[in-house]
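Open the model in your viewer and keep the selection panel at hand. This tour goes from helix pairs to pockets.

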Amino acid sequence: MSEEMVSIEASKVPKTVVLVGLMGAGKTNMGRRLAAKLALPFVDADQEIEIAAGCTIPEIFECHGEQAFRDGEQRVIARLLGEPIHVLSTGGGAFMNPATRQTILDKAISIWLRADLDLLVKRTARRDNRPLLKTGDPRQILSDLMTQRYPVYAEADIVVDSFDGPPEITHQRIVKALAAYLEAHPDGNNRRLEP
Ligand code: S3P
């Protein structure tokens, strides 16, 4: 089957689909495209946190500190995962929180959008809205975060490599990987239930 022919009916998506991965991996862009393809609502967790806080993420970090942001992130994602099925893109730190990670693993289908360092550096340089990248050399910070986070992101149900080129190619990879996952796990659950 050619990649263009892969399709997934919204009714066959049994759980919310969550995109995880580092800053610059393309989670928001790919989440929006996937939601359109599946005819499901799209939600961006960072945007929801900003709405709940009434200010931007840089402002939350500046006025209340990173921990306050992380607490808000955990609450917002727990709430969103109780809502009807949708496509949810999360900020790069969300899946690193053990409680949030467990909720995502239990209640959602998770896709790690994996990207190499050059791609992350290039993409994050386009915007100036990420407090974690302002504390030093962005390449070094992203490299350190890759070391810390990639082994944890690897717990996601599905891994897709973000392509440095037309976004449509990464989108097709995601659709294909999700279709294969749903064929193998129609209930969206790839974990054996405890007896
Ligand atoms: C963060 C990633 C950001 C945002 C915040 C912290 C992180 O989201 O949640 O600046 O810890 O990696 P994106 O991954 O969407 O840039």
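This is a predicted model: local features need pLDDT of at least 70, side-chain atom pairs count only at pLDDT 80 or more; totals for chains, interfaces and linings use all residues.

Residues are numbered from 1 along each chain as its sequence is written, and side-chain values use heavy atoms, without hydrogens and water.

**Stop 1: α1 and α8**

Select residues 27-38 for helix α1 and 167-184 for helix α8. Helices are DSSP runs of H or I, at least four residues, numbered from the N terminus. The two axes come within 10 Å and cross at roughly 55°. Axes are lines fitted to C-alpha atoms over the stretch in contact, with angles from 0 to 180 degrees between N-to-C directions.

Now show side chains. On α1, pick Asn29, Met30, Arg33, Leu34, Lys37 and Leu38. They meet α8 residues including His171, Ile174, Val175 and Leu178. Contact means heavy atoms within 4.5 Å. The contact residues divide into 7 nonpolar, 3 polar and 3 charged. Here Ala, Val, Leu, Ile, Met, Phe, Trp, Tyr, Cys and Pro count as nonpolar, Asp, Glu, Lys and Arg as charged, and the others as polar.

**Stop 2: α3 and α4**

Select 57-64 for α3 and 66-80 for α4. Their axes come within 7 Å and cross at roughly 125°. That makes α3 oblique to α4. Ile57, Ile60, Phe61 and His64 of α3 make the contact with Glu66, Ala68 and Phe69 of α4. By class, that contact has 5 nonpolar, 1 polar and 1 charged.

**Stop 3: the largest pocket**

Its volume is about 950 Å³, taken as the space filled by probe spheres set on the grid points, which are joined across faces, edges and corners. A pocket is an open set of points on a 1 Å grid where a 1.4 Å probe fits, with protein on both sides within 12 Å along at least five of seven lines; lining residues have an atom within 4 Å of a point.

Center on Gly24, Thr28, Arg127, Asn129 and Arg130, the closest to the pocket centre of 41 lining residues. α1 gives the most to the lining, with 5 residues.

Definitions and conventions:
Helices (H or I, at least four residues) and strands (E, at least two) are DSSP runs, numbered from the N terminus. Angles under 35 degrees count as roughly parallel, over 145 as roughly antiparallel, 65 to 115 as roughly perpendicular and the rest as oblique.
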